[in-house]
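Visitor: I would like to learn how to read a structure feature by feature. Could you take me through one?

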Amino acid sequence: MSARAQNPPSDAPQTAAQSFKNVQVMKDVPAEEIIPAMQFISASLGVECTYCHVERAFEKDDKKEKKFARHMIEMTMNINKDNFEGKRWVTCYSCHRGAAKPVSIPIISAEEKMPEMMAGDAVDKSSFSKAQALLDKYLASIGGTDSLKKISSRVQKGTVTLAGNQKIPIDIYAKAPNKRVSAVHFKERESLTAFDGKAGWMAVPGRVHMMTAGESEGAQMDADIALPAHFSSMFSKLEVSEGESIDSHATWLVVGQREGKPDVQLYFDKQSGLLLRLVRYIDSPLGLNPLQIDFADYRDSGGVKIPFRWTQARPGNRFTIQVESSEQNVPIDDAKFAPPPPPPPPSGR
């Protein structure tokens with residue numbers, strides 16, 4: 001960020017005011033949470049950074065949208081403080097719904113629909129599958145705990161499809177229990193995303209980004225080579241409901257609650273028991289940023305059934321990875337998961 005303030009390094013986590021220039025709201029928020037907060041605003045309003053900020057000079061107040069955004073942030077915080085005991089019930093998305101200007105007049109739908117509030121709150125769940133039974137069925141459908149224990153590493157090669165149907169080669173290396181690195185091979189550079197067993201990081205030539213705590217948590221979940229066996233112990237509470245249809249497959253939705261962390265949504269195929277979708281969230285000072293992963297093309301790989309295709313989507317961004325080959329129990333040096341050293345400072349400093 002060009003608006004980073006020049007401050008001496010410190011072992012204590014820096015606040016936004018210490019790390020960025022001209023911060024007037026959220027001054028005491030940890031600096032690493034500012035970018036997720038900006039991402040939440042961008043997704044809620046359906047805009048890019050330059051809607052409020054001057055490009056390459058984010059600290060400037062030249063745009064009225066930036067000044068008004070500060071007022072809106074304070075407004076939502078005050079609404080929650082004064083009306084909801086400080087709980088974050090009202091956010092930017094509550095009104096904007098992906099539009100820069102909120103719609104204040106009810107929309108006339110092409111079809112008559114019964115409002116959800118009139119559909120009835122009472123739902124008979126006596127016929128629903130039990131949450132633990134669904135987790136057990138999923139684990140059994142992919143091969144079981146014993147099969148997972150036999151996998152010490154996995155190397156996958158394939159392609160990632162980006163916007164405009166652009167296909168780029170990708171390699172993915174995973175090592176038990178929770179190390180993973182993916183390398184996307186663009187023509188002019190290589191883009192790396194990894195979890196080294198303790199923290200997540202991303203890198204392109206000349207730049208390394210250590211993930212925030214929320215980002216690392218998601219990266220650790222991706223890196224867990226035996227994740228299906230760990231769902232049962234991951235959540236403090238599980239709730240089951242009817243899930244939406246995914247690629248014409250009826251699903252059960254299992255919502256896993258975690259103490260002090262956002263929920264995780266798991267959509268299981270009613271027939272096969274396989275996991276078709278996972279939705280998780282990265283918290284920010286203003287709201288939750290969603291990440292959805294759809295799994296498909298399950299095949300056997302070393303005695304374990306795994307998805308050979310998955311689509312990862314965030315608001316305004318998605319990509320699909322198609323695996324073409326998968327090998328198990330291949331020796332992988334731990335150094336492969338370590339972040340590269342930061343680039344040297346520019347000369348003269």
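Visitor: Where does Arg56 lie?

Guide: Begin with the neighbouring elements along the chain. In this predicted model, Arg56 lies in the loop between α2 (34-45) and α3 (64-83). Its backbone has a positive phi of about 65°, although Arg56 is not a glycine.

Visitor: Is Arg56 buried or exposed?

Guide: Relative accessible area decides this, and the exposed class begins over 50%. Arg56 has 72%, so it is exposed.

Visitor: Which strand holds Asp297, and what is its phi?

Guide: Asp297 lies in strand β11 (residues 288-301). Asp297 is not a glycine, yet its phi is positive, about 55°. With a relative accessible area of 25%, Asp297 is partly exposed.

Visitor: What joins Ala176 and Pro177?

Guide: For a peptide bond, look at omega. Ala176 and Pro177 are joined by a cis peptide bond, with omega about 5°. Pro177 is found in the loop between β2 (166-175) and β3 (179-185).

Visitor: Why does Arg280 count as buried?

Guide: The buried class covers values under 20% relative accessible area. Arg280 counts as buried because its relative accessibility is 9%. The residue is found in strand β10 (residues 275-283).

Visitor: What does the side chain of Arg280 make a polar contact with?

Guide: The partner is the side chain of Asp222, at 2.9 Å. Leaving aside residues up to four places away in sequence, Arg280 also touches others, including Gly218, Asp263, Asn289 and Ile293.

Visitor: Where is Gln271 found, and is it buried or exposed?

Guide: Gln271 is found in the loop between β9 (261-269) and β10. Its relative accessibility is 74%, so Gln271 counts as exposed.

Visitor: What share of the residues count as buried?

Guide: Of the 349 residues, 39% count as buried. The accessible surface of the chain comes to about 21100 Å², and 52% of that belongs to carbon and sulfur atoms.

Technical notes. Residues are numbered from 1 along each chain as its sequence is written. This is a predicted model: local features need pLDDT of at least 70, side-chain atom pairs count only at pLDDT 80 or more; totals for chains, interfaces and linings use all residues. Side-chain values use heavy atoms; hydrogens and water are left out. Helices (H or I, at least four residues) and strands (E, at least two) are DSSP runs, numbered from the N terminus. Buried means under 20% relative accessible area, exposed over 50%, partly exposed in between (1.4 Å probe, protein chains only). A polar contact is a pair of N or O atoms within 3.5 Å; within protein, one must be able to donate a hydrogen and the other to accept it, and residues adjacent in sequence count only if both atoms are side-chain atoms. Contact means heavy atoms within 4.5 Å. Accessible areas come from the Shrake-Rupley method with a 1.4 Å probe; for residues, only the protein chains shown count as cover.
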